[in-house]
Structure formats: structure tokens, C-alpha cells
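Subject: Handover of a structure

Dear colleague,

Please find the structure below, together with its sequence. My notes on what was found in it follow.

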Amino acid sequence: MNAFLLTGIQIVAVLGISPFTVGLVRMFKARLQGRHGASPFLPYITIATLLKKQMVISKSTSWVFKIVPFVVLGSTIFLVCVLPLVVFGGMFASLGHFIIIAGVLALGAVFLVMGGLESASAFGGMGASREMTLASLVEPAVITTFATFAVVTGAFTIDAMFQGAHILTSPALVPAVAALIMIALAENARYPVDNPATHLELTMVHEAMVLEYSGPYLALLEYASAIKLTIFSLLVANVLFPLTLASNLSAAAIAIALGFVVVKIVIVSFSLALLESVIAKMRFYRMHEFLTIAFFIALSGLVFALMSISL
Amino acid sequence: MNAQQILQNVQLSGESRGNLAVAQTIDKQEFTRLCERLVAEFQLPLSLFYATDKRSEGHGFGIHALFSVDATHEWILISAHLPESDPRYESLTKSVMAAHWYERYAMDMFGIIAEGHPDFRRLVHHENVPLHTHPLRKDFAWNTKMEHANEPYPMHHIKGEGIYEIPVGPIHAGIIEPGHFRFNVAGERIITLEGKLFFTHKGVEKLLEGKTITEAMPFIEGVSGDMAASHALAYVQAVEDLAKTNVPQRAKELRTLIAELERITMHTHDIANMAGMGTGFTVMAAHGFRIKEKMMRLSERVFGNRFWKGFVVPGGVGKALSKDQLSDIAKTTKEVVDEMQDLYNLGRHSDGLRERLETTGLLTKEVAVAYGALGLPARASGIDRDVRRDHPYAAYAELKPEIQVLSKGDVYARWKLRALEMVESLKLVETVCGAKNEGPISAEVNIKEGMGIGAVESWRGESLCVVYVKDGVIDRCVVRDPSFCNWALFGEIGPGNIVPDFPLCNKSLNLSYSGTDL
């Protein structure tokens with residue numbers, strides 16, 4: 001029962017705060033660029049507005065186009081259920097085997113790609129091809145990063161990994177965390193991989209795939225990407241500060257964990273906004289280098305971890 | 001060698017009118033051969049090619065080629081007549097690449113056939129315009145309602161495994177003018193790139209016919225909003241050339257002032273737009289556009305509008321500027337240029353930004369010469385041409401701006417050159433603002449029959465205007481925005497780059513749809 005409630009609290013907290021995360025990044029970016037910027041609560045209104053709007057769906061699409069938003073949103077909600085974001089030891093924590101996590105991430109990406117291809121527009125196909133290029137490069141880095149955690153902590157679920165991962169006592173985790181941050185940027189279509197605010201049809205990756213979606217479907221997809229950003233923000237923060245999570249159902253522990261969620265979101269959003277304001281987006285053909293570096297950093301972590309075990 | 005000597009060399013007689021040498025009208029067979037000789041033997045750039053309808057005078061159609069003799073600051077105009085019954089001549093494009101769009105334009109607008117033109121497709125007329133519609137012929141009324149036709153307007157296709165065609169526009173995601181681009185790509189690499197413009201033809205040239213000199217001003221200033229002062233200046237210079245008006249010195253200086261202010265405004269915009277919007281280095285855009293706004297507000301304060309309009313008038317300038325206004329201009333401009341230099345240095349030292357800009361959108365000198373590229377993109381590719389020095393107008397002969405030329409020809413060179421030119425412009429602005437502010441600012445313009453030419457180095461490049469006046473009103477007014485010559489460069493700049501870098505190439509030229517789409 002306790003585990004069930006813990007998971008329930010985590011789901012409500014993450015799903016509730018997600019649009020705020022996106023809005024906060026936008027606001028920080030605006031402030032850093034000398035603009036006033038919209039309220040960080042704007043994405044809630046955007047999603048509500050989209051839900052009320054009529055949908056325009058191309059005649060050339062099949063049923064796949066219609067299930068994509070649900071699969072993408074479903075896969076992100078699954079991640080919210082199993083990952084240690086607000087609490088440790090949730091109901092479904094045992095499902096969070098790192099191979100499953102990598103698989104669910106890939107599932108979301110593949111369906112998004114299919115949604116992009118469905119409408120047979122030039123941009124959807126272009127975005128889809130770019131996304132698959134990135135996905136195939138991200139995948140090995142994800143596996144290697146979590147493998148490092150697995151070796152260090154001897155656990156295979158993310159939940160157990162993060163409980164046992166103390167970055168100060170196991171230096172092998174430092175490269176793994178660095179790789180995790182790079183993966184998080186690529187997975188969430190942020191700088192330097194993709195520009196989330198782009199209006200340029202020709203440069204976009206994620207936006208190109210969702211270009212043909214409108215109304216409630218678009219709301220689902222936007223919500224899914226907001227949740228994903230929140231998941232990765234919290235993951236990166238949690239691996240650095242695992243003590244900020246609640247592991248029992250006492251009111252104090254929960255309140256502290258929830259308070260920390262807001263603090264973590266604010267700090268991560270600000271760092272992301274800062275990063276996106278001080279660098280230019282990379283040339284698309286440099287992505288390979290970026291993600292290869294992520295992979296090799298993760299690999300070096302794994303090597304350190306294996307060496308420290310055998311010694 | 002000056003213009004007269006060149007004409008003698010090719011056994012042509014001609015009259016010299018100031019800095020324009022008008023060759024006697026020649027036979028159409030000779031026309032093409034002669035133009036080819038001027039380009040090949042004397043390396044004269046073809047500056048303009050246009051047609052006229054002279055059927056009312058019994059001459060059929062006229063075709064005219066204007067060559068620039070940069071060294072002696074002169075122009076050479078070669079003309080030929082084509083009979084109404086058979087308006088054909090041998091295409092110049094076969095050997096003079098720079099004529100390619102001009103000849104297609106004349107085919108659409110006048111029905112003059114350039115035989116052997118390598119690209120016989122329509123240019124201005126889209127599918128919906130019926131065959132044999134030639135709007136610039138005198139017997140075509142400006143308010144003609146056309147039938148809706150469905151003529152072919154094919155785009156280039158490439159066949160092959162993995163070749164993918166991306167149509168972009170004419171409606172874009174940003175708030176820009178309409179233009180359609182067709183990419184043929186293999187993966188992300190661009191193989192060919194072609195544009196289809198002329199979506200919002202305004203009929204400016206037709207509307208100008210029959211207007212008086214002053215009635216035409218708003219139309220000229222509206223050709224391209226970001227170049228209002230430059231177009232107006234080119235036009236009034238053409239009129240003054242025709243009327244032999246002596247513009248007072250202070251008016252000339254003030255014209256230089258407004259032209260340079262426009263240059264600073266738009267260079268600010270472009271530096272911000274390329275680095276900021278093109279690469280996603282948002283801080284450049286945020287600050288650049290804020291700084292540009294200062295210039296636009298300066299225009300609002302001094303001239304009553306945000307786009308440097310209404311100041312240049314035939315005979316001089318529209319109003320005297322007070323001492324306070326001049327010091328406001330000098331102070332604001334200095335502030336703007338200083339801030340932009342800081343921003344430029346910030347960008348220059350950003351590895352990420354330079355990585356995006358360098359080697360992107362390469363325009364080689366050879367291509368730039370062949371296509372007759374103009375203005376800043378040409379100078380960034382090593383072509384040392386600038387109307388301010390080669391055909392001095394306004395007060396440039398005395399002020400002698402230093403012309404900067406870069407050789408790399410990539411997006412970075414074009415970005416950098418804007419920052420460099422801005423500093424030079426500031427010097428000119430400060431000189432004019434600090435000079436003695438007295439004397440008349442306009443002279444009377446006595447309109448005669450005849451033709452005149454005006455050339456201006458706008459921020460975008462050489463802007464030309466040729467005016468023919470008959471019975472006190474405009475008979476034909478050719479307005480040539482530099483964009484008209486530079487649009488075709490995309491076909492050369494784009495291929496080899498990857499699709500996500502195209503917006504950067506596009507922004508580095510910043511061409512006007514409206515200025516091309518008269």
C-alpha cells in the first residue's frame with residue numbers, strides 16, 4: 001500500500017509540474033536574452049487551448065497516425081511510473097530494468113517517427129530521418145551509461161541504481177553522469193542537438209515530426225515532450241543528490257521531496273536556459289561527434305567501474 | 001580605357017552624355033556579338049539589360065544593355081531595335097551568364113524572344129497567366145483582368161536512388177515574403193536548389209508609366225521597404241541626370257547621410273538575423289534586434305517614419321536637418337555601431353557560431369563574376385566593386401569611403417563584412433553630421449524629354465534606375481533591385497551544403513522578394 005501511494009504521489013507531482021518546467025525554461029531564456037518573456041504557466045493554457053481545438057488530419061494518413069500521440073504519451077507516463085523521480089521504492093520500481101527503460105525510450109521515438117512519416121509530407125520525412133539518425137547514436141550511449149551504474153551498484157533497476165549510487169564514493173560515476181546529461185539534451189531535442197523554439201522548417205528535428213499534428217493530438221505530444229523534459233531534469237538532479245527523494249510515506253519526507261522537486265526543476269531549467277543562450281546550435285553533421293563523445297565518456301566510466309571492481 | 005575609346009575599338013560611334021556613352025542603335029545580329037565582345041575582351045560587367053516598347057515611334061521593340069566602365073566611372077549603353085512582326089534576337093545568355101534572368105524577364109513582359117536561351121521557362125508568369133500576356137507592352141492596359149490559365153511551369157527534377165524532393169513555401173513558418181524553393185537532396189546533402197518567386201507581382205513598372213516625376217515617388221519607395229532610401233535615391237538621380245539638375249552640396253551630403261543610416265540599420269538587422277536566427281545563437285538576435293530598433297526609432301524621430309522614407313526628393317532633400325537632429329543622429333548611430341561591434345566580437349569569439357558560419361554557403365569568385373553578383377555578397381567573394389567608388393554619387397566623391405573586400409566567400413565572410421562596413425558607414429555619418437550645416441538643400445528640376453540613369457550602392461548592392469520621360473510623364477522606368485541579380489546565386493550557393501544550413505545561406509544574402517517582384 002505504501003509503495004502504491006508513493007508511486008501515486010510521484011505520478012501526480014511529475015505530471016502536474018511538467019508544463020511548468022517547459023514554461024520555466026522559456027521564461028529563463030527570455031530573461032537571459034533581455035526579454036520579459038511569458039509566464040511560466042503559459043504551457044498549461046496552451047495545452048488546454050489545444051485540447052479544445054478542432055483537428056485537421058491529412059487524408060493520406062492511416063490509423064497509425066492516430067495512435068502515435070497515445071503511444072508516445074503512454075511511454076512517457078510509463079517512465080514516470082517506474083523511475084525514481086520523487087520517491088524511491090515505488091510500486092513499479094522493479095520494472096525499471098535499464099534495458100526496459102532504453103526500450104521504452106526507443107518505442108516512443110519510433111512511434112514519433114512513424115507519425116512523422118504518416119502524413120507523407122516532405123518535412124515529416126525529413127524530421128523522421130533525422131530522428132532515426134540521432135536515435136541510433138543515442139541508444140549505445142544510454143545502454144553504456146546505465147551499465148556503468150549497474151556495475152558500480154550491482155543493481156539493474158534504475159531505482160536501485162540511484163539509491164546505491166554515491167557519486168562521491170565511486171568516481172567512475174562522474175563520466176556516467178556527464179554522459180547522462182548529454183543524452184538528456186539529445187533525447188529532449190534541446191541545444192546543441194535541436195532547437196525547440198525553431199520557426200525554421202528546414203532545421204528542425206522534433207518539431208518536423210509533429211508538424212502535421214493539431215488540436216488534442218498535438219496537445220498530447222506537447223505534453224509528452226514536457227513530461228520527458230521533466231523526467232530527464234529530475235533524473236540528472238537525482239543522481240547527483242539522491243538524498244532529496246522520499247523513501248517512506250511520512251508527511252515530512254513527502255513534503256521535503258516535493259519541495260526539492262520544485263527546487264531541482266528551477267535549477268535545471270535555469271542551467272538549460274543558460275546553456276541555450278550562450279551557444280549556437282551545432283551543425284547537423286556534428287551531431288555524430290557530439291553523441292560519439294557521449295558514448296565514449298560513458299564507456300570510459302564503464303571501464304573505470306570494471307577496473308575498480310577487479311582491483 | 002574610357003568609354004569612348006572602347007566604343008572606337010569596337011568600331012561604334014556614340015555620343016557622350018556626362019558619364020554615359022550611348023552607342024548608336026545597331027542591328028540585332030550585331031547586338032549580341034558586340035555585347036559578348038565587351039564582356040570577353042574588355043571585361044566590362046553587364047549591369048543591366050532591359051527592353052522598351054517603341055512601336056508608337058515606329059521602331060518596334062528596343063533592347064538595351066548597360067555596361068559599367070568602373071575604372072573611368074562611366075556607363076556604356078548599347079541598343080538595338082527589333083521589328084514588331086518578329087521580335088527575336090540571338091540570346092546573350094549563351095555566353096554572358098549574367099543576362100539569364102533579364103532575358104527571361106523580357107520574354108515574359110514584352111514577348112521578346114531570346115533565341116537559344118538555355119532556360120526557356122517562364123520567370124515572372126506562373127501557371128495562371130495565359131500565353132501571350134505581355135504586361136509591359138504599351139497596348140496592355142494596367143487594369144486588364146486575365147483569364148485563369150494553366151500553363152506549365154516545370155521545376156527541375158533529379159531522378160536516382162535515395163533522391164528526395166523537398167518543396168518549401170511559398171507560405172513559410174516565419175513572417176517573410178512568399179517564395180517557393182525546391183530542394184533535391186540525397187540524405188541531407190543538397191544536390192540542386194531552385195527558387196520560384198514572383199508570387200505577388202505588383203506591376204510597379206506598368207503603374208509608373210504615365211505618372212509625373214513626383215507622383216512616382218511613393219511607388220519607388222515602396223519597391224522594397226528595407227531599401228526605401230536607396231531606391232528613391234537611384235530614381236531621383238536618374239531624373240536629375242535626365243534633367244541636368246545641379247544638386248546643392250549640402251543636399252548631396254544629406255543624401256549620403258540617409259543612405260549610410262539605412263545601411264547601418266540593415267547591416268545591424270542582418271548581423272543579428274544571421275547569427276541569431278540562422279544558427280539559434282539567440283542572444284545575438286535578442287540584442288541585435290533591440291539595437292536595430294534604436295535606428296528605426298531614430299528614423300521615426302527625425303523623418304517621421306521608421307523606414308528612412310520621404311527624405312530624398314527630386315532636386316535635393318525634403319527638409320533641412322537642425323543641429324539638434326544632426327547631433328541626435330551622430331550620437332545614436334555611434335551608440336548603435338559601438339554596441340554592434342561588441343556583439344560582433346562576442347560572435348567572432350564563439351567557436352560554435354564560427355563553426356556554423358565558416359565554409360557554409362560558399363560563393364566562389366568565378367561564380368560571382370559569371371552570375372553578375374552584386375553588392376556585399378560579391379565583395380565578400382573578392383569582387384572589388386562598389387558604386388560608391390566606381391560611379392560616385394551624392395557626396396561620395398569627396399568623402400571617399402574605404403571599400404572593404406574579403407576573399408573567402410562563405411557565410412562568415414558575408415557576416416564579417418557587414419560588421420566592417422558598418423564602421424566605415426559610421427565615419428561617413430559623423431563627417432556629414434559634423435560638417436557645416438548650411439546652404440540650399442534643393443534645386444529646381446526642369447523635366448525634359450529623354451532618358452537618365454541613376455545608380456546607388458544600397459546596403460544590399462547596386463541599385464539601378466533608368467527613367468525615360470516623354471511629354472512630361474514617365475514613359476518607362478526600369479527599377480533594378482540588386483536582389484534580381486543575386487537570387488539566382490542560390491542555385492550555386494546551396495548545393496553541397498546540408499538542408500539545415502540553407503536558412504543560414506538565405507539569411508546571409510537577405511534578398512528582397514518585393515524588389516524582384518516588381
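**A residue in helix H1 of chain A**

A:Ile17 belongs to helix H1 (residues 2-32) of chain A; helices (H or I, at least four residues) and strands (E, at least two) are DSSP runs, numbered from the N terminus. This is a predicted model, in which local features need pLDDT of at least 70 and side-chain atom pairs count only at pLDDT 80 or more, whereas totals for chains, interfaces and linings use all residues. Residues are numbered from 1 along each chain as its sequence is written, while chains are lettered from A and ligands numbered from 1 in the order in which they are written.

A:Ile17 counts as buried because 20 other C-beta atoms lie within 10 Å. The cut-offs are 20 or more other C-beta atoms within 10 Å of a residue's own for buried, 12 or fewer for exposed, and anything in between for partly exposed, with C-beta atoms placed from the backbone. Leaving aside neighbours within four places in sequence, A:Ile17 is in contact with A:Thr230, A:Val261 and A:Ile265; contact requires that the C-beta atoms of two residues, placed from the backbone, lie within 7 Å. From A:Ile17 to A:Met27 there are 10 residues in sequence and 15 Å in space, C-alpha to C-alpha.

**The largest nonpolar core**

Which residues touch the most other members of the largest nonpolar core? They are A:Ile183, B:Ile76, B:Cys465, B:Val466 and B:Val467, in a core of 269 residues. A nonpolar core is a set of buried Ala, Val, Leu, Ile, Met, Phe, Trp, Tyr and Cys residues joined through C-beta atoms within 7 Å. Helix H9 (residues 215-240) of chain A contributes the most to this core, 16 residues. The core also takes at least three residues from each of domain 1 (3-115) and domain 2 (211-511) of chain B; these domain bounds come from an automatic or database domain assignment.

Beyond four places in sequence, B:Cys465 has contacts that include B:Ala234, B:Tyr235, B:Ala238 and B:Cys477.

**Where the chains and domains meet**

Between the chains, 21 residues of chain A are in contact with 25 residues of chain B. Helix H5 (122-153) and helix H10 (251-278) of chain A each supply at least two residues of the chain A side. By class, that side has 11 nonpolar, six polar and four charged residues. Here Ala, Val, Leu, Ile, Met, Phe, Trp, Tyr, Cys and Pro count as nonpolar, Asp, Glu, Lys and Arg as charged, and the others, Gly among them, as polar.

Within chain B, the C-alpha centres of domain 1 and domain 2 lie 27 Å apart. Contacts join 16 residues of domain 1 of chain B to 17 residues of domain 2 of chain B. Strand E3 (46-53) and helix H3 (100-110) of chain B each supply at least two residues of the domain 1 side, and the largest share, five residues, comes from E3(B). That side has nine nonpolar, six polar and one charged residues.

**A sheet in chain B**

Chain B has an open sheet of three strands in the order E8-E9-E10, with antiparallel pairing; two strands pair if DSSP finds at least two bridges between them. Strand E8 (163-168) and strand E10 (189-196) of chain B are the edge strands, each pairing on one side only. Six bridges link E8(B) to strand E9 (residues 180-186) of chain B, and B:Ile166 stands opposite B:Phe183 in E9(B).

**Loops and backbone details**

The peptide bond from A:Tyr191 to A:Pro192 is cis, with omega near -5°. A:Pro192 is placed in the loop between helix H7 (173-187) and helix H8 (206-209) of chain A.

A:Lys281, in the loop between H10 and helix H11 (287-310) of chain A, touches A:Tyr191, A:Pro192, A:Asn195, B:Thr279 and B:Gly280, not counting residues up to four places away in sequence. Is A:Lys281 buried or exposed? It is buried, because 24 other C-beta atoms lie within 10 Å. The C-alpha atoms of A:Lys281 and A:Asn195 are separated by 7.0 Å, although 86 residues apart along the chain.

B:His73, which is not a glycine, has a positive phi near 60° and sits in the loop between strand E4 (61-69) and strand E5 (74-82) of chain B. B:His73 has 17 C-beta neighbours inside 10 Å and therefore counts as partly exposed.

Yours sincerely
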